[in-house]
Amino acid sequence: MAYNEIETADRSKIRDVQTQRLRQTVSNAYENVPFYREQMDEMGVHPDDIETVDDITKLPTTTKENFRDEYPDGLFAVDHSKIRRIHASSGTTGKPKIVAYTEDDLDAWKEAMARSLAAAGVTEDDLVQNAYGYGLFTGGAGLQQGAETLGAALLPIGGGDTEKQVEMMTDLGSDALACTPSYSLYIAEHVEDRGMDPTKLPISTVIFGAEPCTDPMRDEIERRLDVNGIDLYGLSEIVGPGVSIECHEAQDGLHVWEDRFYPEVVDPATGEPVEEGKEGELVLTTLSKDALPVLRYRTGDMTTLNYDSCECGRTMVRMDNVTGRTDDLLIVRGINLYPSQIEDTILEIDDVAPHYRIDLYEKDNLDVIELTVEQADDAERGRDQLEEVVAERLDAVLAFTPDSLDIVHSGSIARTEVGKVQRVYDHR
Ligand code: DLL
């Protein structure tokens, strides 16, 4: 059941809302954010030139560098007295991207997250165990507000302290677990290590996000915990979690709440829109944010958009699950490869655990890629035999041979209990 009637509205109605909100957003950006005024003046575009949502391609794009250059508050469109909350997204380098919300912005986010949880199948009768981190990261707060707005009960346990997670989940009978995909697997592993069966845990849904999750990784989560896995997507620059989510009815792509966040897909090299249904970089424009209106944000996330109707009845466009980022692309001896393709390939092999790492070095001006893969706990093949199978499969599926391939014992690769998992280590 949809939470808000707009989710199942006619496409023409959605378009009208988008047009009206885009025009407001562009005026706000032009009038109140010098960065956008300068960009638009330079391009010779005025807010009046935006007559319908199709005119969006006339607008300038925004990049993560723009956020960094305008640190801390250069992109804010409102006076500080109107701001109710600030979050930040920590990159690996440089200053964090600071994001701000007015009271209305927080209400819109709560509504988008309530919709998302309803789409995940959460109801007022459920207890949601929120194991996303709290603090500057948007995961903890986003899930909390959404669950409360929907009327579900929320356990604000945050990330880490896995023993306590399992104990409380068991004692309180949590229905849904919200956390990163890697952490849900960590919980399964932790329970197995104690000689217990993770499929017996009370949760029936895991709402995972904040990290990429390939299909075999998702199968592993669903199988080991005996749950329905629901993919939740979002990013701080646009709002936090709640930009899009899979519906539990179809689990076939993530519905973008496009009355609030307008999606486009562009060729990452040229920035030009790609044909409908083709893969490219997701570009998002906020349609209902006052404190920080963002025009055409180059997310770096690779996806496709699908406007076909969904069996759940929602009419909002679906995006493919994001498994690659433009800046993750590895170029190894002329082959372009995303780490997720490696994950996809190796996790299909029996005896491989869902844990691996990729180390990148530079030697004599050439990129060197070292792959370390963990053997499953109950592996039947020995490490040497497994190494052969992994090497063969990578070559057959991806035409890829790592410079070194190491198969390590179960449990050898460091796990991430709090925050996002890191699998690629670039030493170049
Ligand atoms: O990760 C917001 C979030 C919190 C989403 C909780 C879902 C659940 P950031 O820290 O700003 O915000 O990171 C955003 O994480 O551009 C993607 O590259 C990646 N990402 C987020 N969700 C997914 C997902 C939060 N479902 C960046 N699948 C994004 C793949 C995801 N990647």
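Student: Does Thr19 count as buried or exposed?

Tutor: Thr19 counts as buried, because its relative accessibility is 15% and the term buried is used under 20% relative accessible area, with exposed over 50% and partly exposed in between, for a 1.4 Å probe and protein chains only. This is a predicted model, in which local features need pLDDT of at least 70 and side-chain atom pairs count only at pLDDT 80 or more, while totals for chains, interfaces and linings use all residues. Residues are numbered from 1 along each chain as its sequence is written, and side-chain values use heavy atoms, with hydrogens and water left out.

Student: Where is Thr19 found, and what is it in contact with?

Tutor: Thr19 sits in helix α1, which covers residues 11-32; helices here are DSSP runs of H or I with at least four residues, strands are E runs of at least two, and both are numbered from the N terminus. Once neighbours within four places in sequence are left aside, Thr19 is in contact with Glu51, Thr52 and Val53, where contact means heavy atoms within 4.5 Å.

Student: What about Asp55, what does that one touch?

Tutor: Not counting residues up to four places away in sequence, Asp55 touches Asp49 and Ile50. Asp55 lies in the loop between α2 (34-43) and α3, and it counts as buried at 14% relative accessibility.

Student: Zooming out, how many helices and strands does the protein chain have?

Tutor: The protein chain has 10 helices and 21 strands. Its radius of gyration is 22 Å, close to the 22 Å from the globule rule for 428 residues, so the chain is as compact as a globular protein of that length; the radius is taken over C-alpha atoms, and the rule is 2.2 Å times the number of residues to the power 0.38. Along the principal axes, the C-alpha trace spans about 65 × 55 × 40 Å.

Student: And what share of the residues is buried?

Tutor: Of the 428 residues of the protein chain, 54% count as buried. Among contacts with a separation of 6 or more, 65% come from residues 24 or more positions apart. The chain exposes about 18,700 Å², with 43% of that supplied by carbon and sulfur atoms; such areas come from the Shrake-Rupley method with a 1.4 Å probe, and for residues only the protein chains shown count as cover.

Student: Now the nine-stranded sheet: in what order do the strands run?

Tutor: This open sheet has the order β4-β3-β5-β6-β7-β8-β9-β14-β13, with mixed pairing. The edges are β4 (153-155) and β13 (305-306), each with a single partner strand, so one side of each has no neighbour in the sheet. Two strands pair if DSSP finds at least two bridges between them.

Student: Which strands does β3 join by bridges?

Tutor: Strand β3 (residues 127-130) runs parallel to β4 and is joined to it by three bridges, and three bridges also join β3 to β5, again in parallel. Gln129 stands opposite Leu155 in β4 and opposite Leu177 in β5.

Student: Where do the side chains of β5 point?

Tutor: In β5 (residues 176-179), Ala176 and Ala178 point one way and Leu177 and Cys179 the other way, and all of them are buried. Strand β5 also pairs with β6 (residues 205-209) in the parallel sense over four bridges, and in β6 the bridge partner of Leu177 is Val206.

Student: What is phi at Arg333 and at Ala399?

Tutor: Phi is near 45° at Arg333, a positive value in a residue other than glycine, and near 55° at Ala399, which is likewise not glycine. Arg333 lies in the loop between β16 (330-332) and β17 (335-337) and is exposed, with a relative accessible area of 52%. Ala399 lies in the loop between α10 (383-398) and β20 (404-408) and is partly exposed, at 47%.
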